[in-house]
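Trainee: I would be grateful for a close look at one part of this protein model. Could you take me through the strands and the salt bridges around them in a connected way?

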Amino acid sequence: MAASLKRKPAGAEAGGGGGSDRHSKRSAGGDGPEARGRREANAQFVEGAIVRIAMENFLTYDSCEVYPGSNLNMIVGANGTGKSSIVCAICLGLAGKPSIIGRADKVGHYVKRGCNKGMVEVEVFKPPNNVIIKREMSVVNNQSTWYINSKPSTLKMVEDQVSALNIQVGNLCQFLPQDKVGEFAKMSKIDLLEATEKSVGPPELYEFHRKLKNFRQRERELENSCKETNNTLEKMKQKNERCKQDMERYHEYKRHEDLIAMLKKKRPWVVYEDVRKQYEEVKRSRDLMKGELRVLKEAQAPLTRRIQEVDKQCENLDVKIREKTPIIRETTQKCKQHQDTLERKDQQIEDVKRALRTKKEEEIDRQKRIQNARKMIEDWTNELKNTENCEDIQPQMDSVNAELRRLGEEKANIDGEISVLCREKENLQRDKKGVTDRIIKFDNMMNLKEDMLKRRFQDTHTALLWLRQNRNRFKRLVCDPMMLAINMKDQKHAKYVENHISTNDMKAFVFEIQEDMDLFLSEMRDKQKLKVNTVCAPSESCAGNHPLKPVEELYRYGIFSYLRELFEAPQPVMRYLCSQYHVHEVPVGTEKTRNMIERVIKETKLRQIYTAEEKYAVKMSAYTNQAVSSNTALRPAQFLTVTVDADERRQLDNQLNEISRQLQTFDSQVAELSERQKCLERRDNELRQQKKELLEQKNKRKQLESKISMKYDSLRQMTQDAINLAEESDKANAKIKEINTQKVKLVTELMQLIKNCVALNKHKMDLILQNTTAAFQKNRLQAEYKTAAAQLRAVEQQCLELEERKHSLFEKCKSLLMKAKQACDLGLDENISEELCHAFQTLPNTLHEIDASLNEEESRASCFTGVSVSVVEECNKRAKEIEQMSLELEGKKKELEDYRQSISQVKEQWLNPLKQLIDQINEKFSSFFRSMQCAGEVDLHTENEEEYDKYGIRIRVKFRSSTQLHELTPHHQSGGERSVSTMLYLMALQELNKCPFRVVDEINQGMDPVNERRVFDMVVKTACKENTSQYFFVTPKLLQNLSYAEKMTVLLVYNGPSMLESNKWNLKAFHRRRRRFQL
């Protein structure tokens, strides 16, 4: 009779009660498997009823289990505790879509906030073993994972399992969630009928209804089709009657066309016969020309043999000439070789003479070099005597080296100082860059404010640009518009300042004297026609403006500051705000201030107060002398959201100036050290030059001694290399004499070769003359041959032309014969039939006569206008279509009759049980209304009995005796009346008990207490009968002194921050404490 509900973080608990003296013996923490087993053993659940509901991270629940009873389950709890979450768990756990609930469209939205996954598990009664359906929901991808009895499954398998148990969470007659209560009354009569059939009717009832609608739809289609086919058939028959005269004209026209076709068939045969005769004539001419060609070829044969003999003689002479040519070439080559040898001998003699002249020139040159060497030795010896000694140079060298070392040390010291200064300068430059970047960041923030000013107030921005270029024209300080001049210390406080200062003043320029303001307005308004606002600050200082109460005294009210302390501004702006808006006297508080605002107003006597999100204005009534306050919500800040730390900006400017000054100091120090370094460099170069000169003097003596020694060695070598010119002259003369002897022998041989060459050339010339004579004779014979050949070619050309003419006519005959046979539809190997020959004999035999007959027949055929073969074809085709369409019409009529018989049978199977079902619903529904002193009835409504898709259930009710029964609609009845009607209809369905459970969520919200009590009594009485389906009734409250039944289960849902954890709840201990209090 009672069940428990477990919930971890929200602290929800559930208890139960079924009467005034009964107490639950089960605690939320102690409802273990044994207790659950006992309850399941005793409970009379119907198949498909819900035994257990488990939720984890689902909506408001961390972890929760609900154990409903087998009959009526009252789920009671305050709004927001999680009652409807249990309804959502039932729907989603039984494969329902989120749209059925009407809360959210994605399953991820049903997971508790802050969690990634949620779980719903529903245990459904089904002997012998219950079915446990588990659904895990993911927030990331809005996907679900399904399990049936702890085994992975698919949505389709779950839907099949749920459908097999006759569970329909999408049917409002079975499952009516909170957000869908109003839609029940909006259901059409047709939808209500289908939902009722699915909910309480036999399984085949809705199937019969669906078949009837399909059959009726097909019947309408067949009726329309038969009607259209019959109309089309009649039209086609009428058209064929009108076409008979056209067919007779067509046959007359066809006779002319047949004669024209026969003439066209004979015409190609006549043309073919004419061409065949031309072919025979050309063939005879060609045979005569071939005989003449044969005679000419026989007369040309002797001339051809003579030409061949002369040609052979020329070839023999050419062979002899070619044989003499290599011998002459070889003799000529030998002559050339002897000439080259003689030239080489002359060159050898010239080489011997040249070598002798070279030796004479070398001897003369050697004598000159000996004289030059002796002269140089003499000069170097004199210079060596005048060169200084090395001992006088060394002291000077030591002095220069010491000075160079001193300069090097001094230069190193200066380099070190410069390096130190450069490193410090680099550090300062890095610091300067960092400060500059931060200043740019501040300027960018100010630019954001200026961009906002430009977008919102274009004229004010234009005036600001003019002011920055013309500040020198004003005597005193002119401040930028207040929205730029005011700088919030904390941007979260900007909303207080913006709500306190008007927008016109926020964009106003602030002047110190009236003269400057007049000058500015004259320029802006009169000359530039700009709309700008200006104010003039009072001359007295605002330093003496103190609030009536120190802010420390107001801390206890949640007030943390006065408005003036929340921002910075130039002095003229601050003076104006203190004078005009009293910002030094307006306090700013927190949420604590709002919670105790009446006390704050009464005790502090403040006229204006800001809390976290509101502004309070206090005025004294002129009649009652009492404080009257009004509050307005604060607008979000728009202009002062960008905050700049002015102190930090000033520090950055000072830091940048100091760094720039230090950099200038370092630059001057580096320049001074660089100048000193240049002076030391110049002195160093001078000393090094002096050192170089001393080294040259020191090394000069050694160099002279070495040069003199080397020159003496060279002089001795040149003296030893003397040449004997007389001996060399004798050797040269002997070589020349030997070469001349060889030349004489070569000249003798050359003369003999020349004689042989002359004899060979003479013999070759004789052969060439004989060859020329034979070639002349050959040319004469070839000329005679060409004349005979030209005559022969002319005859051959005539024969060829006749052959081509014969071939052309032959091909033309073949083509014409083929066309003639094609015109008669004959194959290549077929001959004209006797019938066709007989037909041709009746026609003209000449081409002219055939063409005349064709023109005459074509003229007669052209007189038959508007006649075409398509008319006859169309009539024949239409006759066939009429025959086919008649058969088709008979088939459709037979099919229509079959459908009407099927409709009659199915209608009887559907309508009678449906009427009985609706009569039962009407009986219960009317009974429930009579018990409430109201009237109601349910009937089957249709405007046409044959339109099965228009059948529907009509609910008519009346709640007052003075009115008539009215159909239940979303507009005619009140919300409470619709709720009562919906609930009583569902109760009427409950007694028919075709679905395993029903769910109704907060349907009693719009009922008055009388109707609510009556409905509750009916629900208890109906849902707690034997063998009724399970019922879930969700409500946030119950009336007092209601009647309860033994089979009721009351689930109480609580939540709150101080609730016990479910595993610590002990229902027995709670009952003991309660009894002690009652005693």
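Mentor: What follows begins with a sheet, passes to the charged pairs, and ends with the surface. Please keep in mind that this is a predicted model.

Let us start with an open sheet of three strands, arranged in the order β9-β11-β12 with mixed pairing. The edges are taken by β9 (478-479) and β12 (533-536); each has a single partner strand, so one side of each has no neighbour in the sheet. Strands of a sheet pair through backbone hydrogen bonds, in either a parallel or an antiparallel sense. Strand β11, covering residues 508-511, pairs with β12 in the parallel sense, over four bridges. To place this on individual residues, find Phe509 and then Thr534, its bridge partner in β12.

Glu512 makes a salt bridge with Arg476, and the closest N and O atoms are 3.6 Å apart. Glu512 belongs to the loop between β11 and α15 (514-527), while Arg476 belongs to the loop between α11 (458-469) and β9, so the pair ties together parts that are 36 residues apart in sequence. Arg476, with a relative accessible area of 44%, is partly exposed.

Two further pairs lie within helices. In one of them, the side chains of Glu410 and Arg406 meet in a salt bridge at 3.5 Å, N to O. These residues are four residues apart in helix α10 (residues 394-456), and therefore about one helical turn separates them. Glu410 is partly exposed, its relative accessible area being 27%, and Arg406 is also partly exposed, at 42%. In the other pair, the side chains of Glu591 and Arg594 form a salt bridge at 2.6 Å, N to O. Both residues lie in helix α17 (residues 591-595), three residues apart, or about one turn of the helix. Glu591 counts as partly exposed because its relative accessibility is 35%, and Arg594 counts as partly exposed at 33%. Elsewhere, salt bridges with shared partners join Arg52, Glu65, Glu121 and Glu123 into one network. The count of salt bridges comes to 34.

Strand β16 (residues 608-610) and strand β17 (residues 614-620) run antiparallel and are joined by three bridges. A hairpin of three residues connects β16 to β17, and Gln608 stands opposite Ala617 in β17. Strand β17 is also joined to strand β18 (residues 627-633), by seven bridges, and these two run antiparallel. There, Glu614 stands opposite Ala633 in β18.

Finally, turn to the surface. Val747, Met751, Ile754 and Val758 form a nonpolar patch, with about 340 Å² of accessible area together. One of them, Ile754, is found in helix α20 (residues 725-823) and counts as partly exposed at 36% relative accessibility. A positive patch is formed by Lys1068, Arg1072, Arg1073, Arg1075 and Arg1076. Of these, Arg1072 is found in helix α26 (residues 1067-1078), and its relative accessibility of 43% makes it partly exposed.

Definitions and conventions
Residues numbered from 1 in each chain as written. Predicted model: local features only at pLDDT ≥ 70, side-chain atom pairs only at ≥ 80, totals over all residues. Heavy atoms only, no water. Patch = residues over 30% accessible without salt bridge, like charges linked within 9 Å, V, L, I, M, F, W, Y side chains within 5 Å. Areas by Shrake-Rupley, 256 points an atom, 1.4 Å probe, with all protein chains shown as cover. Salt bridge = Lys/Arg side-chain N within 4 Å of Asp/Glu carboxyl O. Lys, Arg positive; Asp, Glu negative; His and termini not counted. Charge placed at Lys NZ, Arg CZ, Asp CG, Glu CD. Buried < 20%, exposed > 50% of the residue type's maximum accessible area, 1.4 Å probe, protein only. Pairing = 2+ DSSP bridges.
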